Amino acid sequence: MESRNETMAGTSKADHLCVLVHGLWGNPSHLDYIASALRDRYGGENLYILCPKTNSGNYTYDGIELGGERIVHEVEETLESLAKKGQKITKISVVGYSLGGLLARYAIGLLNARGWLDKLEPMNFTTFATPHVGVRAPLKGYKDQIFNVLGPRTISASGRQMWLVDSFRDTGRPLLSVLADPESIFITGLKKFRHRSVYANIVNDRSVLFYTSGLSKVDPFRDLEDVNINYVKGYEDVIIDPDMHVLPPVERNPETAAARFWKKIKSLTLWVPLSLLIIVLSPLACTLFLVNAGIQTFRSSKRIRMHEIGENGERFGRYRVPVLVQDVQHVVEQAFDNVNAIQEPAYLSNSDTEVSDAAPEKPARSSVSKSAQSDDTESASARRSSTTEVSVHCPQLALTPEQFGIIDSLNAVGIRKYPVHIQKHHHSHAAIIVRVEKDGFREGKIVMKHWLDNEFAL
């Protein structure tokens, strides 16, 4: 994919750089469909697509900070290479998938601190199935405690960061918490993008649950049989309306005893063979996974040390900038002229038991200045209170204070949130971006069409 772009670069007049960032254990080929959809819509003469490759495979173990630095290094190398060929880039968009969305947000902060978001016009920021709030199990119980203890120990630095058990630099806080700090280079950079959106699976995403990819303190889709989902017209029953997730309940004929019986039989015929397969194979699979995780974590730790003190450290040292605004005023003063407009986020509810799933706010859709976008953010709470929708009362998830803070901070930025209902495949995490070409992932193509129709501006 990159070679194709490099071939076109000699003659292309594209002035818009679009950076696509893959996820954990991934590689640029996972984003082939996104890249082809962009090329089909806009053509190579209008858009230059970059899929950074230095984080491929097990290199995604090395952490969000190191991965973000690698991305920025590739972006800067690409901009320098294109400039030498006489191709002037004036706009930039960043798209992240899964863990790639977190790497993308870190990279945006570095690009912001290094002045690139003042030299280039930030256009579109979108993530698909990204764990913005981490991957800690949001429920209470021994199973979740085991998951939250073992999980971060299997994926090196990236695991500790996604489970929020790390301490970022000298802040004493998890990296994801710093990444969402209203006074950080990451949030000020994110606010400069004209369009900001996330797409989140509501079911069948075994890697990233809805609450974390959809920036929600509740799960309004926990029982789909009792919810009358409000789909966006023209995109089949896949994209859910971001402003009104559900409609008033409809009258349903009560199920007969026979219907309930056959539903249980059908469920058993599907799950009994699968359960037996899991019982037989899971001990071997878990053993192999943990052995490989140990090996890869050791290798990752070695790469991180080399990055810090060796040749890599010298090359990437320039990216170790202060992350809080007050510490970088003297570095790039012009990049933070709107920082005073950032307000502390407010919690949606102080209740530990129940909250209302409020409609997400709408960020400005027109071409406006960066300072005007900050003004739009100031009125976010006012817009939220004036939105009319069916209120859905759900139990508040058992998240940590850091996770609640991340949700509040990112919601205050103004991000369009699109719940996605992929029904024809049980691996919606891969289907949402059509990670491979297969008939079962067809609904992901509808997601891409909606994104290009509504959220991506050239």
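Author: Here is a short tour of the fold, a strand, the core, a helix, the cysteines and some charged pairs.

Author: This is a predicted model, in which local features need pLDDT of at least 70 and side-chain atom pairs count only at pLDDT 80 or more, while totals for chains, interfaces and linings use all residues. Residues are numbered from 1 along each chain as its sequence is written, and side-chain values use heavy atoms, with hydrogens and water left out.

Reader: Fine. How many helices and strands does the protein have?

Author: The protein has 18 helices and 10 strands. Those are DSSP runs numbered from the N terminus: helices are H or I with at least four residues, strands are E with at least two.

Reader: And what percentage of the residues is buried?

Author: Of the 458 residues, 53% are buried. Buried means under 20% relative accessible area, exposed over 50%, and partly exposed in between, using a 1.4 Å probe and protein chains only. As for contacts with a separation of 6 or more, 80% come from residues 24 or more positions apart. Contact here means heavy atoms within 4.5 Å.

Reader: OK, core next. How many residues has the largest one?

Author: The largest nonpolar core has 64 residues, and those with the most contacts inside it are Leu17, Ile64, Val75, Tyr106, Met162, Leu176 and Leu410. Helix 4 (residues 99-113) gives the largest share of this core, 10 residues. A nonpolar core is a set of buried Ala, Val, Leu, Ile, Met, Phe, Trp, Tyr and Cys residues joined through side-chain atoms within 4.5 Å.

Reader: What is methionine 162 in contact with?

Author: Leaving aside neighbours within four places in sequence, methionine 162 is in contact with Leu24, Leu99, Leu102, Pro131, Gly134, Val135, Arg136, Ile155 and Leu176.

Reader: Switching to helix 16. How far does it reach?

Author: Helix 16 (residues 401-413) has 13 residues and reaches 19 Å from its first C-alpha to its last, close to the 18 Å expected at 1.5 Å a residue. The expected span is 1.5 Å times one less than the number of residues. Its buried residues include Phe404, Ile407, Leu410 and Val413. Just after helix 16, glycine 414 has a positive phi of about 100°.

Reader: How many disulfides turn up?

Author: The search of the whole structure finds 0 disulfides. A disulfide is a pair of cysteine sulfur atoms within 2.5 Å. For cysteine 18, the nearest cysteine sulfur is that of cysteine 51, 8.2 Å away.

Reader: Are those two cysteines buried or exposed?

Author: Cysteine 18 is buried, at 0% relative accessible area. Cysteine 51 is buried too, at 1% relative accessibility.

Reader: Last topic: how many salt bridges are there?

Author: The search of the whole structure finds 14 salt bridges. A salt bridge is a side-chain nitrogen of Lys or Arg within 4 Å of a carboxyl oxygen of Asp or Glu. In one of them, aspartate 62 pairs with arginine 70, the closest N and O atoms being 2.7 Å apart. Aspartate 62 is buried at 3% relative accessibility, and arginine 70 is buried at 9%.

Reader: Which pair links distant parts of the chain?

Author: One is arginine 114 with glutamate 76, whose closest N and O atoms are 2.6 Å apart. Arginine 114 sits in the loop between helix 4 and helix 5 (116-119), and glutamate 76 in helix 3 (residues 64-84), 38 residues apart. Arginine 114 is partly exposed at 26%, whereas glutamate 76 is buried at 10%.
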